[in-house]
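Work through the exercises below with the model open. Try each task before reading its solution.

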Amino acid sequence: MIPFEYQNIVVSIIYLPAVVYLIYRIWTFKNIDKNTKGNWTVLLLLVGIVTMPIYIWRKDDVFVEQNHEENN
């Protein structure tokens, strides 16, 4: 069994880059309301373990679709 301190480091190494990438991805959408972007950024920072799968599975496709609709 790996000590807790090392488990925490491994989880952080995996988790933090993913959160940073998702926040970057949210803010690269041009046609999404800044308030919505801000809300998702705060959610990902505060409760990322819960909101990360929700964002990936549901909201990312919606944001991509909204971004493409408003570009056309």
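**Exercises on the predicted model**

Valine 50 is found in helix H3. Helices here are DSSP runs of H or I with at least four residues, numbered from the N terminus. The model is predicted: local features need pLDDT of at least 70, side-chain atom pairs count only at pLDDT 80 or more, and totals for chains, interfaces and linings use all residues. Residues are numbered from 1 along each chain as its sequence is written, and side-chain values use heavy atoms, without hydrogens and water.

**Exercise 1.** Classify valine 50 as buried or exposed.

Solution. Start with the cut-offs: buried is under 20% relative accessible area, exposed is over 50%, and partly exposed is in between (1.4 Å probe, protein chains only). Valine 50 has 55% relative accessibility, so this residue counts as exposed.

**Exercise 2.** Find the nonpolar patch that includes Val50.

Solution. Patch members need over 30% relative accessible area and no salt bridge; nonpolar side chains (Val, Leu, Ile, Met, Phe, Trp, Tyr) are joined within 5 Å, like charges within 9 Å. The patch holds Val42, Leu43, Leu45, Leu46, Val47, Ile49, Val50 and Ile54. Together they have about 770 Å² of accessible area (Shrake-Rupley method, 1.4 Å probe, with only the protein chains shown as cover for residues). H2 and helix H3 (48-71) are the elements that give two or more residues. The largest share, four residues, comes from H2.

**Exercise 3.** Check the length of H2, then locate its buried face.

Solution. Helix H2 covers residues 34-46, 13 residues in total. The expected span is 1.5 Å times one less than the number of residues. That gives 18 Å, and the end C-alpha atoms are 18 Å apart, which agrees. Next, pick out the buried residues: Lys37, Trp40, Thr41 and Leu44. Seen down the axis, they fall within an arc of 105°, so they line one face of H2. The arc is taken from the directions from the helix axis to the C-beta atoms. The face turned away from the buried side carries exposed Asn35 and Leu46.

**Exercise 4.** Which residues form the salt bridge?

Solution. Apply the criterion: a side-chain nitrogen of Lys or Arg within 4 Å of a carboxyl oxygen of Asp or Glu. Arginine 25 and aspartate 60 meet at 2.8 Å, N to O. Arginine 25 lies in helix H1 (residues 4-28) and aspartate 60 in helix H3, so the pair ties together parts 35 residues apart in sequence. Arginine 25 is partly exposed at 25%. Aspartate 60 is buried, at 11% relative accessibility. Now list the contacts of aspartate 60 (heavy atoms within 4.5 Å). Leaving out residues up to four places away in sequence, aspartate 60 touches Arg25, Phe29 and Tyr55.

Methods. Contact means heavy atoms within 4.5 Å.
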